[in-house]
Amino acid sequence: MSSEKIRAPHGPTQTGESANALVRLYPWYVVGVLMLCYALSFIDRLVLSLLVQPIKRDLEISDTQFGLLQGVAFALFYTFVGLYMGKLADTRNRRRLIAAGVATWSFMTALCGLAGNFLQLFAARAGVAVGEAALSPAAYSIIGDYFPATKRGRAMSVYTVGIFLGSGLAFVLGGTLIAMIPDPLTLPLVGELRSWQAVFIAIGLPGALFALLVLSIREPARGRYSKKTAAQNRAAAAGTDTLLGSLAYFAKSWPFYSTHFLGFSMITGVGYAFHAWVPAYFIRVLEWEASQVGLVYGTISLVCAPAGVLSGGWIGDHLLRRGRGDAHMRTPVFGALLLFFPAALATTAFSPGVMTTLALLGALQFFASFHAGLAVASLHEVTPINLRARATALYLFVINIVGLGLGPLLVAIITDYVFGDEAAVGQSLAITGAAASALAFLLLLYANRHYVRRKAQIADLA
């Protein structure tokens, strides 16, 4: 084999050695494509946060209404549709499902730019959520079939880098476009637009190209690295053909699944709350311009968050190879503990200057992302293959309902109804961040106990 010539599926004739190298690298190409789609989804999802002040001005809405746009409008549709998408990802072609989702959310992002009132923007945000719901259950399922358990933490962490790459780029690109686009802007056929509307259109329309990129990857065989036969995997997931049947399966092991989902939801809530309201904190309290916030905070996100998720994945896989069977759960427990300090201090009087604030926000980005790849890797290790996409969809359902749906909204409610002063958004962030990170540590510590027991009982699922 090493001396004969092999023809690549869509390329020139190569030696066996170079073809084998391509075979080894191909799974990482798949991860790279999916990671870019994940980054795009977060650009489209989070650019709204940089546009708080002009949207509030033009649509005449309150902080609480804006919190609904950032959280509930997205989370409700993303999570409920995501459960159905998880079932499709367990039974249908995952590549085509992702491509259709990318095209849908990109179109709906552009439609956000045509909204003329709160309800229209709410509906467009819901459309973005429906499209994005197709991505992660299918993507995590594909990655799980391309990598063995000892590499899965790193692979899923690389995919999850897309969250933080997209989050950072949302601020950098959004800030750059705000600075570049005249306000108002007149476009053919569309007419006069405000600059924030043009930002949505400029970011949304190019996404159709990513749908074509997804079609370049191959659908892997399900359960490629499972130690069980196909019949054994079907038996392990018996009675789960329907959505209610799969939910009943997870309910039987509720001590693990509930604390796993809720613990990671708390960390997710910290991340979304700060992404949603840190720009407003800098603009309202520190009197920065939106373009300046986008560049500085976006750069912090681009550097610190990917470093956090990749570090978490590497540490988890390293400890697993060293014989630490609970490594994929234990590592996020320590990350949650270390998240508490920057979450509680970054936007309060305990941060004496802007440089300290930026350093604490960098630490927050690092530890708020530390868990991201390992959360799904640990979930897959103790879930039957035929249920992994649905388990991921249910995980995303909970973390988005709780983390995305409530995180930004709680900050807004505390600001509006406890302090009654929009300049108090920093204190609201600190209260929300400290409480959520403390709860995350306690819930994940409890989840780890049940994870160890479940992993011992179902040793051959990974």
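The model is predicted, and local features were considered where pLDDT is at least 70.

The largest nonpolar core comprises 133 residues, and those with the most contacts inside it are L34, I55, I98, Y159, W277 and Y395. Helix α12, which spans residues 254-284, gives the most to this core, supplying 16 residues. In soluble globular proteins, nonpolar side chains tend to be buried together.

The second largest pocket holds about 220 Å³ of space, and its lining is made up of 13 residues, with Q53, P54, I178, E289 and A290 lying nearest its centre. Helices α2 (52-59), α8 (195-204) and α13 (290-321) each provide at least two residues of this lining, and α2 gives the most, with three residues. By residue class, the lining of the second largest pocket divides into seven nonpolar, three polar and three charged residues.

Aromatic pairs number 24 in the structure. In one of them, the ring centres of F80 and F397 lie 5.0 Å apart and the ring planes stand at 90 degrees, so the pair is classed as edge-to-face. Because F80 belongs to helix α3 (residues 63-91) and F397 to helix α17 (residues 388-419), this pair ties together parts that are 317 residues apart in sequence. F397 has a relative accessibility of 16% and therefore counts as buried, the cut-off for that class being under 20%.

A further aromatic pair is formed by F256 and Y257, which is likewise edge-to-face, with a centre-to-centre distance of 5.1 Å and an angle of 65 degrees between the planes. F256 is buried, with a relative accessible area of 2%, and Y257, at 2% relative accessibility, also counts as buried. Both F256 and Y257 belong to one aromatic cluster, which they form together with Y249, F250, F261, F264, Y395 and Y451.

Technical notes. Residues numbered from 1 in each chain as written. Predicted model: local features only at pLDDT ≥ 70, side-chain atom pairs only at ≥ 80, totals over all residues. Heavy atoms only, no water. Core = buried A, V, L, I, M, F, W, Y, C linked by side-chain atoms within 4.5 Å. Buried < 20%, exposed > 50% of the residue type's maximum accessible area, 1.4 Å probe, protein only. Helix = DSSP H or I, 4+ residues; strand = E, 2+ residues; numbered from the N terminus. 1 Å grid on protein atoms, 1.4 Å probe; cavity = no way out; pocket = protein on both sides within 12 Å on 5 of 7 lines; lining within 4 Å. Points joined across faces, edges and corners; volume = space filled by probe spheres on them. Nonpolar A, V, L, I, M, F, W, Y, C, P; charged D, E, K, R; others polar. Phe/Tyr/Trp six-rings, centres within 6.5 Å; stacked < 30°, edge-to-face > 60°.
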